[in-house]
Amino acid sequence: MKAAQNAVPFNNDPALQERLQAIIEKYKDEKGALIPVLQQAQDIYGYLPIEVQMAVAKAMDVPLEKIYGVVTFYSFFNLYPKGDYEISVCLGTACYVKGSRKVLDCIQETLSIEPGQCTSDRKFSLDTCRCIGACGLAPVMLINDDVYGRVLPAEVPEIISKYQ
Amino acid sequence: MKLQDLNSIKERVLSDVLESTETIRVLVGLATCGIASGAVPVMEKLTELAAGNEKISVSKTGCIGICQYEPIVEVITPDHQKTTYVKVTPEKAEIIYKEHLLGGTPVPDYLVGTVLPSGEDEIATCLEETIFYKKQHRIALRNCGRIDPEQIDQYIATDGYQALGKVLTTMSPDDVIQTMLDSGLRGRGGAGFPTGLKWKFASGNRGNVQKYVCCNADEGDPGAFMDRAVLEGDPHAVLEAMAIAGYAIGASMGYIYVRAEYPTAIARLRIAIDQAKELGLLGDNIFGTDFSFDIDLRLGSGAFVCGEETALMTSIEGNRGEPRPRPPFPAVKGLFQQPTILNNVETWANIPRIILNGAEWFSSMGTEKSKGTKVFALGGKINNTGLVEIEMGTTLREVIEEIGGGIPNGKAFKAAQTGGPSGGCISKENYEVPIDYDNLIAIGSMMGSGGLIVMDEDNCMVDIAKFFLEFTVDESCGKCTPCRIGTRRLLEIMEKITSGNATMKDLEHLEELATYIKEDALCGLGQTAPNPVLSTLRYFRHEYEAHIKNKKCPAGVCKDLLVFSINPHLCVGCGLCQSKCPTGAIFGTLRKPHVINPEICIRCGTCISACKQEAVEVV
Amino acid sequence: MADVNIKINNVDYQVPEGITILEAARMANIHIPTLCFLKEVNEIGACRMCVVEVKGAKGLVTSCVYPVSEGMEIFTHTKRVIDSRVKNLQLLLSNHNRECLSCVRSGNCELQSLCRLYDIREDSIYDGEKPMYDLDGSAVHLVRDNNKCILCRRCTAVCEKYQGVGVIGPNERGFNTNIGSPFNMKLADTSCVCCGQCITVCPTGALAEKDNTFDVFSAIEDPTKHVIVQVAPSVRAGLGEEFGLPVGVGVEGQMINALRALGFAKVFDTNFAADLTIMEEANEFIQRVQNGGKLPLITSCSPGWIKYCEHYHPDMIPHLSSCKSPQQMFGAIAKSYYAEKAGIDPKDIVMVSVMPCTAKKFEIGRDDQAANGVPDVDIAITTRELARMIKRANIDFLALPKEGVFDDPLGKSTGAGVIFGATGGVMEAALRTAVEKLTGKELENVEFTEIRGTDGIKEATYNVAGMDVNICVCSGTANANKVLNMVKSGEKNYHFIEVMCCPGGCVNGGGQPRQPAEVRNFVDIKALRAKALYDLDKERPLRKSHENPDIIALYDEFLSEPGSHKAHALLHTSYIKRPMYNDPKSHPVKK
């Protein structure tokens, strides 16, 4: 992946840390709890920087490497922060057949970022996803929880401008 | 909770709600498809309008099945007349409210029959009267679009939890397994392993070892969404079935591994689990017996391979979701090294009905070795996209032409892809083959979880195979050599072909490598990854050869092989294309025919949309 | 277990039920090739080299994990099987740095030998995109070259399961999967204990020790330097393997002669320092018992173990013996006692050690390991590097005389010093001395067999002079972790614990010859090498450290007595708490 340095400083707000500790405490003795803990840690911080992974490693007595191996295995986990608006373009079969690749190209052009990246103002980040199960609406793109169906490439700048 | 209590809930809800002779029942399809199409504002509008009107009850329901026409609103009048409205907006909802709900006259313009393209459906006023629906047989989807999935009472009213009551009070665990064996139910997740047999393998040593029951709700095949529909529309069916399995094999704990991409399904499952626990239908001493069973949710984290059974268990254990070699099989050593059974959502959804109606009822449907029904998610180049549940043995033609309403824009059918990235393409020559597990495998595809993507003459089969391969390369876990490196090399050869750089020798390498990966990969994902390539090679070899020998993509899809040119007879020399071309590849003087320099052209198609004379041609 | 009837390549066999196809074939003298499989440590079925055909099975079957069953018909070399293995190797090569000529493993690489076996000529048939990885040479003891890694995961399995360290593991997914440390940290920034177990199991050249052979050659060439060498006990038990001898053949004499031939001014024996260690450590134990010091006392000979303790159990540091390891004691004595005797300025002495260990490369650079103002030891090389030097010097090792004698005054040792290389050896040697010191009576039997053998954790209780002494011996830091946790929870009450970092002790150290999986999976390397040491112990006229006349002389002439002020200054050291990972902010994160 390109460019993506963590320029964003870690937010070491004690309130967030407390929430993290509470989650770890809740799952500590449960079998196979690592993934739910990481999922909820990501809900708190938005991503899983080294500070968070180290805290989980320490509290759950799991090697940091194991956590990092898990985090980099699953595409749902992020090592980098996301933009305020997360754009996601479905590249599932139905969407692909109906031209979602062109929609993606157009977003890349409009925002000058590639999938996986975040705009410099941290407003938008772009990703691709596999089928979200809305095949009847293909091609589909999501901006946060808003679903846009039957998107034409030409409509992309207008859709994005709604969030700017 | 006792069985009598269950029955009294059922009677109450039937008379008060589901079969009420007093109120008009309005159902709004609020599964993900509906929500995405704008069903929430419709629901809000109707709720707002009906507020205070005791004669009208507005409630949400799961996926009604005909996604293309969402949002869908159904009206059931006290005389049990049903009307289906499609593509409803809040404005239309207001008209429906005034004219139909208050005025008693259905609004013809929004009726399903009016909107659906098929001529025969014109007179249909409700979904049940459409060809789309009439050809279906709904068992797994029986409650989807019928009940409010967030109300356990409504599930109970449709005989919910009766099957669990029946097994706990009248059947031995072995009886349950025998029923499953007799029913002939096979796993609906892909491989089609007999469900009863799986249970039997895990049934030894009951009461002495910790065992687990798992539900595979990590529906990852692109194009398949029946599991999501069941979870969103009828979550209790899955919980009930898992408890039945727990009783049969002697397990007290169940896990549902569900994709994080399905927030609505997750929310409804959580509600359902809480409600079931509250009524004592999950938890300790269910129906006053010794049997206790609990269910927990585990969310996926975005790894397709976790749909593979051993990978799913490795993931629940908190690891990278990498498959393990089998044996040992999960029935012997599964989750946390304990005996475990894993079935997928659709399989589970069949089970309560099998218990209630008997094995014979189920096995009377379908073909010799594939009993019952199968849900397919119709997608791609087809008029009626959506979920259909058909009896095993229905032909592909019936599914596409009749239920699916045919191919849009008068295009010709080229192929249907089943089984997602693990499956293959079915060509026109197998249009009349009855769909079941064994037939699909014989023609080089597989049932898979039930995605059915239709392709027409505009789709390039080489490109489609490449697309699926890209998917598996992306989703390979990276553990075994054939899948980690082999699929990548396979894709590289495909890229050579679609970019016009391959030789016939590469085609040989492609076939050899694909066959090797199929034989040698560690898990199902890797073993089936070459199927899209192998099946398209089998039925559409000429398309591959056209890419290689003639450097042409017959369907005009593979960009690198396209040549854009301007027809000098049609071009008026307006210069619009020239000004829009992002790379300056178009040359010419005003009012004279323009030309495209293929060296500079990036084949973006901007000129095509710019040209008002339709003078840009692609060969 | 009952036997089952199977057929391998149409020949009938009866084999025990429950064994794998791989094991059954071995009984039929068919060696099915493997790459990822390491018995009981890495049974993941990932590499697909071991596939065979089984009648009735859908695809090919993974023989390393697939159990035999009654009536099974197995075919191990059909065209289908061989084609599949060939494709497998071609694919691995398509993603492999194929600069075999300059590779440290050329000649004993498991991948290379399989490629030769299957006559892989079209090695570039599937060439395509290849991820490029930077070398990680940050650690003092090893270099990782992921461009040669075949992702068999043997290294990560031993790191996690044997050692309980887990600083390397699989990261990313699919084609991008790679073995590394979290957040792509350099190994030196992690809590790696430098044991080198990962190197010994690596089938290719992806992992190798940092080579210091050229430093040694240059030192010997330098006329201003007096280059002396010490050799650890386990080296003589393993070195022969590098020259084609079977596992477990001791080569003490040839080794001494080879070292002389290489040009070392003096060839000394680390066993001498092992005897010295016993004098100090036994004394420390007695002092702690008698004066209410921290118990249990834990041995400190193994630098990998010490580093582990400093990272993972810093609260246990007060329990560690303050004795330096034999390597370091040796260096300290060589650069003081010996320097004085020989009339050489310690600054002009180059102390080379030959060790079965990669952590020794780390140990020589630790703080508080330079008793005479110069490092106690200057260069530490492994058994493998010594073999490389002997070969490079064109010495016909096997033709050298089997008789050889170490130089005086630091060459004599007792049997107690010899057995340091096997797990339990240090404890046994210490008991031989401590028991006699405490009871004042001579031992009837010097062999403490209860604490011999390759078990990961061993315990015994001996009544010594009226006191029950509970001892524990463990090897592999994962086992050490278990033992420490039991001690901390109060579940166990030991007085004396021996910990060796590597499973089985130094004979199985990370610097010992690499044996291919084909050998590892069927031969207990650590037991065979240990036996070579116990045999040497038996042959030694003196078997108790305190009876070593040169040790007695060393104390008489120089140190006065164990634990003396001078002994402390030269032979004891200190430890520090180490972080699990270095400051992450000093390393930009890259995905």
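Biologist: How many Å separate the centres of domain 1 and domain 2 of chain C?

Modeller: The two centres, taken over C-alpha atoms, are 27 Å apart. This is a predicted model, where local features need pLDDT of at least 70, side-chain atom pairs count only at pLDDT 80 or more, and totals for chains, interfaces and linings use all residues. Residues are numbered from 1 along each chain as its sequence is written, and chains are lettered from A and ligands numbered from 1 in the order in which they are written.

Biologist: And which residues does each domain of chain C span?

Modeller: Domain 1 is 3–77, domain 2 is 92–209 and domain 3 is 213–571. The bounds come from an automatic or database domain assignment.

Biologist: How many residues make the contact of domain 1 with domain 2 in chain C?

Modeller: Domain 1 of chain C brings 10 residues and domain 2 of chain C brings 12; a contact puts two C-beta atoms, placed from the backbone, within 7 Å. On the domain 1 side, nine are nonpolar, one is polar and none is charged. Here Ala, Val, Leu, Ile, Met, Phe, Trp, Tyr, Cys and Pro count as nonpolar, Asp, Glu, Lys and Arg as charged, and the others, Gly among them, as polar.

Biologist: Nice. At what angle do helices H9 and H11 of chain C cross?

Modeller: Roughly 100 degrees, and the axes of H9(C) (270–291) and H11(C) (326–342) come within 8 Å. Axes are lines fitted to C-alpha atoms, for helices over the stretch in contact, with angles from 0 to 180 degrees between N-to-C directions. So H9(C) is roughly perpendicular to H11(C), a word for angles of 65 to 115 degrees. Helices (H or I, at least four residues) and strands (E, at least two) are DSSP runs, numbered from the N terminus.

Biologist: Which residues meet there?

Modeller: Those in H9(C) include C:Phe272 and C:Leu276, and those in H11(C) include C:Met329 and C:Phe330. By class, that contact has eight nonpolar, three polar and no charged residues.

Biologist: Switching to chain B: how many residues of H15 are buried?

Modeller: 11 of the 13 in H15(B) (345–357), where buried means 20 or more other C-beta atoms, placed from the backbone, within 10 Å of the residue's own. Among them are B:Trp348 and B:Arg353. Just after H15(B), B:Gly358 has a positive phi of about 95 degrees.

Biologist: How many residues of chain B touch chain A?

Modeller: 35 residues of chain B are in contact with 29 of chain A. H2(B) gives the most to the chain B side, four residues. That side divides into 13 nonpolar, 16 polar and six charged.

Methods:
Buried ≥ 20, exposed ≤ 12 C-beta atoms within 10 Å, placed from the backbone. Parallel < 35°, antiparallel > 145°, perpendicular 65-115°, else oblique.
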